[in-house]
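This briefing concerns aromatic rings, charges placed over rings, and open space in a protein model. Please keep the sequence and the structure in view while reading.

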Amino acid sequence: MPVFTNLDERIERPPFDGDAYRSRLPAAQTAAALIHLVHVTAAPHDPTKWSAFVSILTNPPHEIPTSVDAAYCSDPTRTAEDLLGYARSVYFYAGRAHPSFGNFALAFDSNCQQGRTGSATPFDTGGFVCQPTPHIKVRLLPNDDLSQRVAYCNSSNLTLAEWRDVFARILAAYFDELSEYWTGSPAPHDPEGLYELNDAWRCWAFEVRLYEPQPIHDRVAWCADESVMHELFRLHRTEPITPGASRPVNKFLNDVPALEPTGTPFFCKAAENWVREQLGI
């Protein structure tokens, strides 16, 4: 059963500490309500995906597409969506960024999901159902097969309206300090061993999926590595200056300046640290 199943009841019994949970819950609720959604996108060394991003940047409507876009998103993403019955989506982690998805992290505030459709899961779904060998370990009985993994994912699925409440309760129940969502790991008190058997943070970071494209100019912070910044500056230098015409690269670079103006190989960590600073964690 999902890590949040019957949590209000389980929290009153060992190995949980109900009093400690209740003392942590208010701060966890505040953080969960405000935590940013972070999307990592393609890098210049992947010509197909970088071209897709440049097209997004330079052409209206300047939106990160859902996974229906074959140039921007991978076939394994669509395969996982089809297995799980998800709509084509734009993918985010709650407050976290992973470099395996590109060299460029964009953070959006909590209001970005307002008026949207989507869903969330308290772990990375692609890593849970990828074949032939899933990246995420779990104990599923009577046997750990794909059908059971799909069922576990589906039972862990949350609506956009409820995921932040569940996220707050998981933060308060499984982490002694809120900072451990970024720096540590959850207590291994879940029935199927999701937290016990894994040490990679994608096993406990919330994955949030929006079913409509996400405007890139709605970002509130962003950071990239040196290769991305080099290419963005090159695009900026060659961008035509036409009276009355918009300059989308100039707008991107200047409306919300990069956290690291020249880029950094630690762009994901920089984006996560910015999120934590905004939350006071």
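A pocket is an open set of grid points, on a 1 Å grid over the protein atoms alone, with protein on both sides within 12 Å along at least five of seven lines, and its lining residues have an atom within 4 Å of a point. The model described here is predicted. The largest pocket in it has a volume of about 980 Å³, and a search of the whole structure finds 20 aromatic pairs.

**The largest pocket**

- The lining of the largest pocket is made up of 45 residues. Those nearest the centre of the pocket are Ser74, Thr77, Phe101, Asp124 and Arg202.
- Helix α4 provides the largest share of the lining, with 7 residues.
- By residue type, the lining of the largest pocket divides into 23 nonpolar, 16 polar and 6 charged residues.

**Aromatic pairs**

- Among the 20 aromatic pairs found in the whole structure is the one formed by Trp163 and Phe167, which is tilted, with 5.8 Å centre to centre and 45° between the planes.
- Both Trp163 and Phe167 belong to helix α7 (residues 163–174), where they are 4 residues apart, about one turn of the helix.
- Trp163 counts as buried because its relative accessibility is 0%, and Phe167 counts as buried because its relative accessibility is 1%. The cut-off for buried is under 20% relative accessible area.
- A further pair, formed by Tyr174 and Tyr195, is edge-to-face, with 4.9 Å centre to centre and 80° between the planes.
- Tyr174 lies in helix α7 and Tyr195 in helix α9 (residues 194–197), so this pair ties together parts that are 21 residues apart in sequence.
- With a relative accessibility of 2%, Tyr174 counts as buried; Tyr195, at 3%, also counts as buried.

**A cluster of rings**

- Ring pairs join Trp163, Phe167, Phe175, Tyr181, Trp182 and Phe206 into a cluster.
- The tilted pair of Trp163 and Phe167 therefore involves two members of this cluster, and both Trp163 and Phe167 count as buried.

**Charges over rings**

- The charged end of Arg149 is placed over the ring of Phe128, at 4.6 Å from the centre of that ring.
- Arg209 lies over the face of Tyr86, and its distance from the ring centre is 4.0 Å.

Conventions:
Residues numbered from 1 in each chain as written. Predicted model: local features only at pLDDT ≥ 70, side-chain atom pairs only at ≥ 80, totals over all residues. Heavy atoms only, no water. Phe/Tyr/Trp six-rings, centres within 6.5 Å; stacked < 30°, edge-to-face > 60°. Helix = DSSP H or I, 4+ residues; strand = E, 2+ residues; numbered from the N terminus. Buried < 20%, exposed > 50% of the residue type's maximum accessible area, 1.4 Å probe, protein only. Lys NZ or Arg CZ within 6 Å of the ring centre and 35° of its normal. 1 Å grid on protein atoms, 1.4 Å probe; cavity = no way out; pocket = protein on both sides within 12 Å on 5 of 7 lines; lining within 4 Å. Points joined across faces, edges and corners; volume = space filled by probe spheres on them. Nonpolar A, V, L, I, M, F, W, Y, C, P; charged D, E, K, R; others polar.
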